[in-house]
There are 2 protein chains.
Amino acid sequence: MAVTPMRRNDTGAPGSGHAARLTIRARSHRGPTAGLAPGFVQGNLAILPNALAADFLQFCRLNPEPCPLIGTSAPGDWRVPELATDLDISTDLPRYRVWRNGELVAEPEDIREFWRDDLVSFVIGCSFSFEEALMAEGIELRHIARGCNVPMYRTSIATKEAGPFHGPMVVSMRPLRPADAIRAVQITTRFPAVHGAPVHIGKPGLIGIEDVMKPDYGDAVEVRGDELPVFWACGVTPQSVIATVKPEFCITHYPGSMLVTDQKNTEFAIM
Amino acid sequence: MAVTPMRRNDTGAPGSGHAARLTIRARSHRGPTAGLAPGFVQGNLAILPNALAADFLQFCRLNPEPCPLIGTSAPGDWRVPELATDLDISTDLPRYRVWRNGELVAEPEDIREFWRDDLVSFVIGCSFSFEEALMAEGIELRHIARGCNVPMYRTSIATKEAGPFHGPMVVSMRPLRPADAIRAVQITTRFPAVHGAPVHIGKPGLIGIEDVMKPDYGDAVEVRGDELPVFWACGVTPQSVIATVKPEFCITHYPGSMLVTDQKNTEFAIM
């Protein structure tokens, strides 16, 4: 694929991922990124010191469902050329979270003052991509209809550990009628780079979820009598794992304030 | 694909569909066909007068999940060249059922004496094909482990009517753990010509099944607490519909005594 290099001050095509990043970089957009640049891939962010990079890469490789890695940077480099030409990871998200030894120390709008030459960025696929595919096929997603966050839960499913990284898989839940649940398995199977097929259907207790109305993250949404709760591996897993590991230094995105890339969701469909 | 014509008295390669048909034709095998010629497609049979053929073809086209048509004959012809070179539909099944005006009048081992010049044969895909694919991936099927028939149910799901043909869809049920149920959706989606993906998961009452332990056909199998009942459209649907329509004359296979073809199950996988 030919890539046209873009200069730092290009405005980007309207509605594109590039245009969204430029708007965020200029602080003209400050809130959640849901709904920005429809069709373009958004990602979860984790920035770690290079000393932890090999273990975290291995952790992602061993746990591709919750941690589908879609882009990484060179140490100290704020670019992620896999995902976009004109991208500055230190300015292009609306808000960040800065952690020291597992404690949240700041929630800045850019991280230029926190930058270090040993930092490596990891961008992890996000359910926004497959949600777009589900809605395109007419499957209604309740948390979107209600304008709230998807409910997320820590489960009894262990991730495969790598170096210091370990902990439970976090899953997101969407209530679906059985025929839609079957169709959703088919549709999301096409998107292994953004969590892929569900990891569980129908029996939350079997994966350690006692009450679906009490999520650990996000907002509760009702599961009706004619619906099944359908669970997907969630990109919050690495943040939960990092909170357990308490690395000396770490930066993540602020919940809901994702990285908007130049890649199209449809490029992630394997068939 | 090059097809080698086979003479009527060829013995067929051991273990092949052809060998199985020759053994049945010679009355050396008289029972159910489950387990015969592993890897080869088996089919449900319906033989109807040509006057009903167009309506039945239309019925199958409108209801591809329960009635996936994999072969048809010319009127009066006992051959089905789509499915095998050396095949005589009047002798190659272990047992048949002959119906007049909806009443069962005979269960013969061959139907040569009932043959008519206006009879058209319809061969409909069967779940044996996708069950083989499920087991090949390590998914245990309880009715097979127990050596009994799969449980089948008339549902509240209506088929789409064509001419006189109408009635409820019949489904088969296999209890699976949730992760296996998700995998089973993926695997059987690859086999649209043999019922394809499930039509329902988890809530039998929603499709008119009051008690999964009381099937309308086949044998009851337990659904354990850590399992979901998974339902597929079933090739018994056309027999149930024919029983409703009560055509003047009709022949079907005897339950469990299917047509063994020369096609491979793997040829039916679309990816």
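Residues are numbered from 1 along each chain as its sequence is written, while chains are lettered from A and ligands numbered from 1 in the order in which they are written.

View 1. Chain A has an average pLDDT of 92, and 96% of the residues score at least 70, where pLDDT is the predictor's confidence in each residue, from 0 to 100. Over residues 1-9 of chain A the pLDDT is below 50, and this stretch has 6 contacts in the model beyond near neighbours in sequence; a contact is counted if the C-beta atoms of two residues, placed from the backbone, lie within 7 Å. Where pLDDT is low, the predicted coordinates should not be read in detail. For the complex, the predictor gives an ipTM of 0.80 and a pTM of 0.85.

**View 2. The open sheet of chain A.** Four strands of chain A form an open sheet in the order β6-β7-β9-β8, with antiparallel pairing. Its edge strands are β6 (152-158) and β8, each of which pairs on one side only. Strands here are DSSP runs of E with at least two residues, helices are runs of H or I with at least four residues, and both are numbered from the N terminus; two strands are said to pair if DSSP finds at least two bridges between them. Strand β7 (residues 168-176) and strand β9 (residues 228-233) of chain A pair in the antiparallel sense over 6 bridges, and A:Leu176 has A:Leu228 in β9(A) as its bridge partner.

View 3. Leaving aside residues up to four places away in sequence, A:Val199 touches A:Glu65, A:Ile157, A:Val171, A:Phe231, A:Trp232 and A:Ala233. A:Val199 and A:Trp232 are 33 residues apart in sequence, and yet they are 5.3 Å apart in space, C-alpha to C-alpha.

**View 4. Two loop residues of chain A with a positive phi.** Most residues other than glycine have a negative phi. A:Arg27, in the loop between α1 (17-25) and β1 (40-49) of chain A, has a positive phi near 60°, and A:Arg27 is exposed, with 11 other C-beta atoms within 10 Å. A:Asn101, in the loop between β3 (96-100) and β4 (103-106) of chain A, has a positive phi of about 50° although it is not a glycine. A:Asn101 is exposed, because 10 other C-beta atoms lie within 10 Å.

**View 5. Helix α3 of chain B and what covers it.** In helix α3 (residues 128-136) of chain B, the buried residues are B:Phe128, B:Ser129, B:Phe130, B:Glu131 and B:Leu134. What covers these buried residues includes β1 (40-49), β5 (119-125), α4 (142-145) and α5 (178-189) of chain B. Just after α3(B), B:Gly138 takes a positive phi of about 85°.

**View 6. Helix α5 and the sheet of chain B.** In chain B, 4 strands form an open sheet in the order β6-β7-β9-β8, with antiparallel pairing. Strand β9(B) holds B:Trp232, the bridge partner of B:Ser172. Helix α5(B) lies across β7, β8 and β9 of chain B and runs at about 15° to β9(B), where axes are lines fitted to C-alpha atoms, for helices over the stretch in contact, and angles run from 0 to 180 degrees between N-to-C directions.

**View 7. The contact between chains A and B.** The contact takes 17 residues from chain A and 17 residues from chain B. On the side of chain A that touches chain B, α5 and β8 each supply at least two residues, and α5(A) gives the largest share, 7 residues. The residues of this side divide into 11 nonpolar, 4 polar and 2 charged, where Ala, Val, Leu, Ile, Met, Phe, Trp, Tyr, Cys and Pro count as nonpolar, Asp, Glu, Lys and Arg as charged, and the others, Gly among them, as polar. The copies meet through the same surface, because 100% of the interface residues of chain A are also interface residues in chain B.

Notes. This is a predicted model: local features need pLDDT of at least 70, side-chain atom pairs count only at pLDDT 80 or more; totals for chains, interfaces and linings use all residues. A residue is buried if 20 or more other C-beta atoms lie within 10 Å of its own, exposed if 12 or fewer, and partly exposed in between; C-beta atoms are placed from the backbone.
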